[in-house]
Amino acid sequence: MPFTPYHFGPNAFFAFFFRRWIDIPVFILANVIVDVEVLFATGWSPHRYWHWHSLLIGAVIGIIWGLAAYPLRNLFKKIMKLLRIPYETNMKKMVISGVLGLWTHVIFDSIYHYDVQPFWPYTKNPLWKLGKLNLTQDQTKMICTLFMVAAILIYVSILQTYAKKKKVQDARQAAENRTS
Ligand SMILES: [Zn+2]
């Protein structure tokens, strides 16, 4: 589904939780990029238009996105600095994050949309069964909101760590200025 907010709660949580191994901007933007397929789709099921919503083609798109994002790493670094989130990346991390971003999106969509084919060229969607747990839309929203809250809590703790580190650094700097 294009740009639906429900992806963002679980995604932000996943990205923040595994931030040591994941390139957060690459991971989160991968979720937006995959839905370009849906925007361009005409006529038949948008989730199967180019098969980006499958683990196989999704991995290819994720790798391409990770490589394409590599020249953007300094821009991402600036944005993350503004958000006060520590950011270290490299090409391998970006490619892995692109693939994981695509895959988590495909898996979530497969649970909620019967017409996604995550294991294409195999055409059945066994994950749709999970969607049939019959969560109401409100319950689904609730779960996504909880993920969002968890993500915000992690972000707050990142900000606290940042503030603490800055305090120590400032104190050290002040001490150095005094002695020199
Ligand atoms: Zn989608």
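**Reading contacts, packing and burial**

Reply: Let us begin with a single residue in this predicted model. Setting aside neighbours within four places in sequence, Leu102 is in contact with Ala30, Val34, Gly58, Ala59, Ile61 and Gly62.

Me: Which residues have the most contacts inside the largest nonpolar core?

Reply: As a general idea, nonpolar side chains in soluble globular proteins tend to be buried together. In this model the largest nonpolar core has 23 residues, and those with the most contacts inside it are Ala15, Phe27, Ala30, Val34 and Leu102. Helix 1, helix 2, helix 4 (55-69) and helix 6 (91-112) each supply at least two of the core residues. Helix 6 gives the most, with six residues.

Me: At what angle do helix 1 and helix 2 pack?

Reply: Helix 1 (residues 8-17) and helix 2 (residues 24-33) pack at about 160°, with their axes 10 Å apart. Helix 1 is therefore roughly antiparallel to helix 2, the cut-off for that term being an angle over 145 degrees. Helix 1 passes helix 2 in a right-handed crossing. Asn11, Ala12 and Ala15 in helix 1 meet Ile24, Phe27, Ile28 and Asn31 in helix 2. This contact of helix 1 with helix 2 comprises five nonpolar, two polar and no charged residues.

Me: Where does Tyr70 lie, and with which residues is Tyr70 in contact?

Reply: Tyr70 lies in the loop between helix 4 and helix 5. Tyr70 counts as partly exposed because it has 15 C-beta neighbours inside 10 Å. Leaving aside neighbours within four places in sequence, Tyr70 is in contact with Met91 and Met94. Tyr70 and Phe27 are 43 residues apart in sequence and 13 Å apart in space, C-alpha to C-alpha.

Me: Why does helix 5 lie largely in the open?

Reply: Burial can be counted residue by residue along a helix. Helix 5 (residues 73-82) has 10 residues and the number buried is zero, so it lies largely in the open. Just after helix 5, Arg84 takes a positive phi of about 60°.

Definitions and conventions
Residues are numbered from 1 along each chain as its sequence is written. This is a predicted model: local features need pLDDT of at least 70, side-chain atom pairs count only at pLDDT 80 or more; totals for chains, interfaces and linings use all residues. A residue is buried if 20 or more other C-beta atoms lie within 10 Å of its own, exposed if 12 or fewer, and partly exposed in between; C-beta atoms are placed from the backbone. Helices (H or I, at least four residues) and strands (E, at least two) are DSSP runs, numbered from the N terminus. Axes are lines fitted to C-alpha atoms, for helices over the stretch in contact, and angles run from 0 to 180 degrees between N-to-C directions. Angles under 35 degrees count as roughly parallel, over 145 as roughly antiparallel, 65 to 115 as roughly perpendicular and the rest as oblique. A crossing is left-handed if the near helix is turned anticlockwise from the far one by less than a right angle, and right-handed if clockwise. Two residues are in contact if their C-beta atoms, placed from the backbone, lie within 7 Å. Ala, Val, Leu, Ile, Met, Phe, Trp, Tyr, Cys and Pro count as nonpolar, Asp, Glu, Lys and Arg as charged, and the others, Gly among them, as polar. A nonpolar core is a set of buried Ala, Val, Leu, Ile, Met, Phe, Trp, Tyr and Cys residues joined through C-beta atoms within 7 Å.
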